[in-house]
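Q: Got a model open here and want a quick walk through it. Can we start with the charged side chains?

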Amino acid sequence: RKRQQTELKEKIKEKKKELVELLEQLRKMKEDEAGDCPRVDATENRPQADEDAPQMAATAQTLSYVLNGKAGKFTKDLRVVTLGDLEEGLLHLDEDKQNSKAEATRKKTNLKPVNCGATSCWVPAGAAVIGKKDLTKLNQKAEIVKKLDSFFSSNQSAFSPQALRILTMFGLSNMGGSDEGMEMLIAGVLKALCHDIGFKVDSKKLGKVVP
C-alpha cells in the first residue's frame, strides 16, 4: 500500500512539472506575439492626441447681467466664468446709490423677464419697458396735458392773441347776441371738452379763463 502511495505522489509531481512547463510555454508565446506588435505608451502620445482632437475655438462674447440688483457687463470667452469676473464687470453706481439702504433695496427687489422687441431683459417687478419712439409720443402728450393744466390754473384769461381772434371770428355769427351769452357759450364748450377728455376743472377756474 505504501508503494502505491509513493507511485501516486511521483505521478502527481510529474503532472505538476508538465503543467509548469506548459504555462511557461504559454508565457513565451504571449511575449513573442507582443514583440510583433510593439507596445505604445498612451502618455507619450497624449499631447499629440490632444492636438489632433477638434478644439473649441475661444470666442469672445458679451454678457449682460444683474447681480444683487447691480447691472454688469463684460466681453470675454464665456466657457469659464467666475464670481470674480461677475463682480469685476459690475457697472459704476451714482454716489447717492452707494449706501447700505440702497444696497438693501437692491437685494430685495424682485426682477421679472420682459420682452422688448426681439430682445428680453430683466427689470424690477414694478417697472415696465417701453420703446424710445413710444416714449417720445407719451412725452409729447404729457406736454399737452401740462399746458392744459397751466391754462386752467391762470387767474385770468390765458388765451393767446391768435386764439382771441379765432373766438372773435366765430362770434360774428352771434350778431345781435349779448356778450354774456357769448361768454357762456365759450365756457360751455370748454366744460364739455374737459368732460370728454377726462380733465377735471371746477367752475371757479373755468370762470377765470373765459375772456
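Q: Is Glu103 buried or exposed, or in between?
A: Glu103 is partly exposed, at a relative accessible area of 23%. Buried means under 20% relative accessible area, exposed means over 50%, and partly exposed is in between, with a 1.4 Å probe and protein chains only. The areas come from the Shrake-Rupley method with a 1.4 Å probe, and for residues only the protein chains shown count as cover.

Q: What are the ground rules for this model?
A: The model is predicted: local features need pLDDT of at least 70, side-chain atom pairs count only at pLDDT 80 or more, and totals for chains, interfaces and linings use all residues. Residues are numbered from 1 along each chain as its sequence is written, and side-chain values use heavy atoms, with hydrogens and water left out.

Q: Back to Glu103. Which strand residue does it bridge to?
A: Lys70. The closest N and O atoms of Glu103 and Lys70 are 3.8 Å apart. A salt bridge here is a side-chain nitrogen of Lys or Arg within 4 Å of a carboxyl oxygen of Asp or Glu. Glu103 sits in helix 4 (residues 100–108) and Lys70 in strand 2, so the pair ties together parts 33 residues apart in sequence. Helices (H or I, at least four residues) and strands (E, at least two) are DSSP runs, numbered from the N terminus.

Q: And how accessible is Lys70?
A: Lys70 is partly exposed, at 21% relative accessibility.

Q: What about Glu103 and Arg106, how far apart are the closest N and O atoms?
A: They are 2.6 Å apart, in a salt bridge. Both residues lie in helix 4, 3 residues apart, about one turn of the helix. Arg106 counts as buried because its relative accessible area is 12%. Shared partners join Lys70, Glu103 and Arg106 into one salt-bridge network.

Q: How many salt bridges in total?
A: The count is 5. One of them links Asp96 and Lys97, at 3.2 Å from N to O. Asp96 is exposed at 51%, while Lys97 is partly exposed at 38%.

Q: Switching to the overall layout. What's the order of elements?
A: From the N terminus, α-α-β-β-α-α-β-β-α-α-α-α. The chain has 8 helices and 4 strands. Of its 211 residues, 11% are buried.

Q: How do strand 1 and strand 2 pair?
A: Antiparallel, over 8 bridges, with strand 1 at residues 60–67 and strand 2 at residues 70–77. Pairing takes at least two DSSP bridges between the strands. Gln61 has Lys76 in strand 2 as its bridge partner. The hairpin has 2 residues between the strands, and Asn68 takes a positive phi near 55°.

Q: What's the C-alpha separation of Ala60 and Asp77?
A: 4.5 Å, for residues 17 apart along the chain. Ala60 is in strand 1 and counts as exposed at 55% relative accessibility.

Q: Which residues make up the negative patch?
A: Glu10, Glu14, Glu18 and Glu21, on the surface. Patch residues have over 30% relative accessible area and no salt bridge; like charges are joined within 9 Å, nonpolar side chains (Val, Leu, Ile, Met, Phe, Trp, Tyr) within 5 Å. Lys and Arg count as positive, Asp and Glu as negative; His and the chain ends are not counted. Charges are placed at NZ of Lys, CZ of Arg, CG of Asp or CD of Glu. Glu14 lies in helix 1 (residues 2–36) and is partly exposed at 49%.

Q: Which residues form the nonpolar patch?
A: Leu19, Leu22, Leu23, Leu26 and Met29, with about 480 Å² of accessible area together. Met29 lies in helix 1 and is partly exposed at 48%.
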